[in-house]
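Subject: Structure for you to look at

Hello,

Here is the structure I said I would pass on. My notes on what was found in it follow below.

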Amino acid sequence: MIKRQKILVTGRVQGVGFRPAVYRLACRLGLAGIVYNDTKGVTIELQGEEKTIAEFLARLQSEPDKPPLAQIKSCRAVDIAVIEGQDKFTIKPSDPQGTALSQVTADIAACQDCLAEMADENDFRHEYPFINCTNCGPRYSIVKTIPYDRPNTTMSVFKMCPKCAAQYEDVTDRRFHAQPVACPICGPKIWLTDSKGQTIIAKTDSSIAEAARLLRAGKIVAIKGIGGFHLAVDALAEQAVRRLRQRKRRDHKPFAMMAGSIEKIKKYAIVSELAEQVLKSPQSPIVLLPKKKGSAIAPSVAGGVDTFGFMLCYAPLHYLLFAQGIEVLVMTSGNISDEPLICKNEKALEKLGQVADAFLMHDREIYRQVDDSVIHFIDGQPVPLRRARGYVPTPIFMEENCRQDIFAAGSDLKNTLCLVKQNQLICSEHIGDLEDAQVYHHYIDSIEHLRQLFEVEPKVAVSDLHPSYLSTQYARSLSGVKIVQVQHHWAHIASVLVEHGLSGPVIGIVCDGTGYGTDGAIWGCECMIASLEKFERFGHLAYYDLPGADRASKEAIRPLLSLLKKSWGKDFRLPNFDWLFERIKPETTENSKFKIQNSKFILEQIEKRINCVQTSSLGRVFDAVAAMLGLGSYNHFDAQLPMALEAIIESGIEDHYDFELISRANEAVQLDLGKTLKQLIADVQNDLGAGTISAKFHNTLSIALLAMAKQARESTKLNIVALSGGVFCNRYLTDRLIRLLRQNGFRVLFNREVPANDGGLSLGQAAIAAYIVSRGV
Ligand SMILES: [Zn+2]
Ligand SMILES: [Zn+2]
């Protein structure tokens, strides 16, 4: 019997070649009907035999008929009246004035079909470094404005040749409406310059060969890619890697690496089956992998951590380069220190001329700089540490539409911003630390660009509570919008809730470095009973003094002295700890004239409460413990000392230290680590190995947080725990805590889509504001 069904498909179904795929499948099965984009997703009307329609629906959602980049969230079908005499299937073009969802999708790694063509001597795109199709290639990084059409991208300057145009127009072709379609005749080209910008080689293929030769000889080459420039150097050549560190002014932070195949990566790191899948995924992120012992990677690539960050080639150019006998390269962001990633040719020469020996350039302009994303594994699941290329601007969906557009300003550290439109939460890529003036300007530009790209007119602006955050000040400066301020750790929990489609309440455990509290203290280790509507502080790490404000997050001696003083109370005598301070590695840096001998002054500062804040920061406790174990006394980059502490953990240790949970009437429960620190210092004095002490310290925290969650359950009868905050980027602690919580009957939620660190904050802020708007609270 002939039927007609109307099917609404939601999820990531626009701008991913979905309508052509529907068209091809419908034609193959002999179904009539129509397909079009609308505000919710894609609507398909199908007419034909009932069982053929059922077959269509099954095949649409599975390989090989499902478009590779599509993610179907729901697929709902209703019967409608049959249209007599209809026997064709058609695609209805998008209405340019329509309110369809934005079609801008993420930048995607070269697909297997394109790579096969690139390797085929008979293909007209043989060895062409800009080959792409509907299923792969740049998107977000080249779009200037909407609608997503070639004239609105940086490809507008390249006029398609007849061969490319024919594929672009053919609905049955893999390149149907693939905006960046190009070939050696009509598309972008590659050339090689010296550090001054003088062209050394003008031809694409010989430029790539020469760049590879320079890299093999230990030179630093700046390579223009998809989202910006990389600085590349042979990862096996220690001298070359050191030279790069020196020139880039990046003394300590681990470098990411790129390899041409999984087999190459497996020579240097341990690659699980899941890690292999993530490495090979269309998003092609950097994946943190356990180091193989005794690998040949230069020691300066990633000191002080137990992982290597590896990615596979993702631009066709990378494949062509690695084919020239390249083993493995450091591929680090093309910038100086913490400035924004560079994506323009002139800027690269100006800023990186002192760093790179040569530049592998191309003339496909990058409109948006997008960093590489970074993924690691928590509880055996891939989770982002940095969400950027490949993932942005894919929205996170809510169940209901929000009645007003919202702008969420994010955090000042590891900033991202988030826009709310209808049922979509659109997070920006990782923008960086706003204290750098150039990063701040990039932030302001990003807000405007994304607002325009997604046609968002915010009526609500939401920011952190911190009065001196630049993001807060920016949000408050906006006119004609309602301002909402959200406490930092509450926003962290909200990010977990919205990812899981929940509104709470749950028991939220948030552990991080710093976040402004409602009492003016700096919060950091918090247990909250939280929903999207409100939160209540159930418990926290007992306050201690943090002398020296911003310097305290870099100089570990500051929290250390304060914690010692608090733990020993009136019995504290500085000379009793001389032996301990002798073990601490003194470090001076350009920015800070810090010396260990300063401890007397810092102590005085604490006693007289000069420039001191009260804090429950857990990050700073990690700093203090790392310093005591001789791992360094200065965070040259965020969480350097905590990461070093995690890296040395001895496996198989189940011991822990004592701690106290103090409950007083009408007060939040306080976690006191005084006993922990006393026992830990006794272990240091007795020369127990640093790896064992570190394990015992981590074990203590997991048990203490479990105890806190149990108390919260007793008092609220809630059984779901949401974990978030930068400290939960610590794999050992988080995996252990999740296991303990589950063993004790809790359901555990954690961030899967956005980072647990401040990079996920804007999502949580946006979710709370959307809830407020929808409930009219
Ligand atoms: Zn492709
Ligand atoms: Zn062409």
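The protein has 22 helices and 31 strands; helices (H or I, at least four residues) and strands (E, at least two) are DSSP runs, numbered from the N terminus. This is a predicted model, in which local features need pLDDT of at least 70 and side-chain atom pairs count only at pLDDT 80 or more, while totals for chains, interfaces and linings use all residues. Residues are numbered from 1 along each chain as its sequence is written, chains are lettered from A and ligands numbered from 1 in the order in which they are written, and side-chain values use heavy atoms, with hydrogens and water left out.

Confidence

The average pLDDT (the predictor's confidence in each residue, from 0 to 100) is 93, and 97% of the residues score at least 70. Residues 590-594 fall below 50, and beyond near neighbours in sequence this stretch has nine contacts in the model; contact means heavy atoms within 4.5 Å. Where pLDDT is low, the predicted coordinates should not be read in detail.

Overall form

Along the principal axes, the C-alpha atoms fill a box of roughly 90 × 65 × 50 Å. Of the 777 residues, 60% are buried, where buried means under 20% relative accessible area, exposed over 50% and partly exposed in between (1.4 Å probe, protein chains only). Among contacts with a separation of 6 or more, 70% are between residues 24 or more positions apart.

Buried places

Helix 17 (residues 619-628) is mostly covered, with 10 of its 10 residues buried. Among them are Arg 620, Phe 622, Asp 623 and Met 628. Gly 630 follows helix 17 and has a positive phi, near 75°.

Val 370 sits in the loop between strand 14 (358-362) and strand 15 (374-378). Its relative accessibility is 3%, so Val 370 counts as buried. Not counting residues up to four places away in sequence, Val 370 touches Asp 107, Tyr 140, Ser 141, Gly 227, Leu 341, Ala 388, Arg 389 and Glu 429. Phe 229 is 141 residues from Val 370 along the chain, and their C-alpha atoms are separated by 9.8 Å.

Glu 429 turns up again in the contacts of His 442, which also include Pro 340, Arg 368, Gln 369 and Ile 431, leaving aside neighbours within four places in sequence. His 442 belongs to helix 11 (residues 437-453) and is buried because its relative accessibility is 10%.

Backbone details

Two cis peptide bonds can be noted. One runs from Glu 63 to Pro 64, with omega near -5°, and Pro 64 lies in the loop between helix 2 (50-60) and strand 4 (71-80). Another joins Val 392 and Pro 393, with omega about 10°; Pro 393 is in the loop between strand 16 (381-386) and strand 17 (396-397).

Glu 455 is not a glycine, yet has a positive phi of about 50°. Its place is the loop between helix 11 and strand 21 (460-464), and Glu 455 is partly exposed at 43% relative accessible area. Ala 639, also not a glycine, has a positive phi of about 65°. This residue lies in the loop between helix 17 and helix 18 (640-647) and counts as partly exposed at 25%.

Regards
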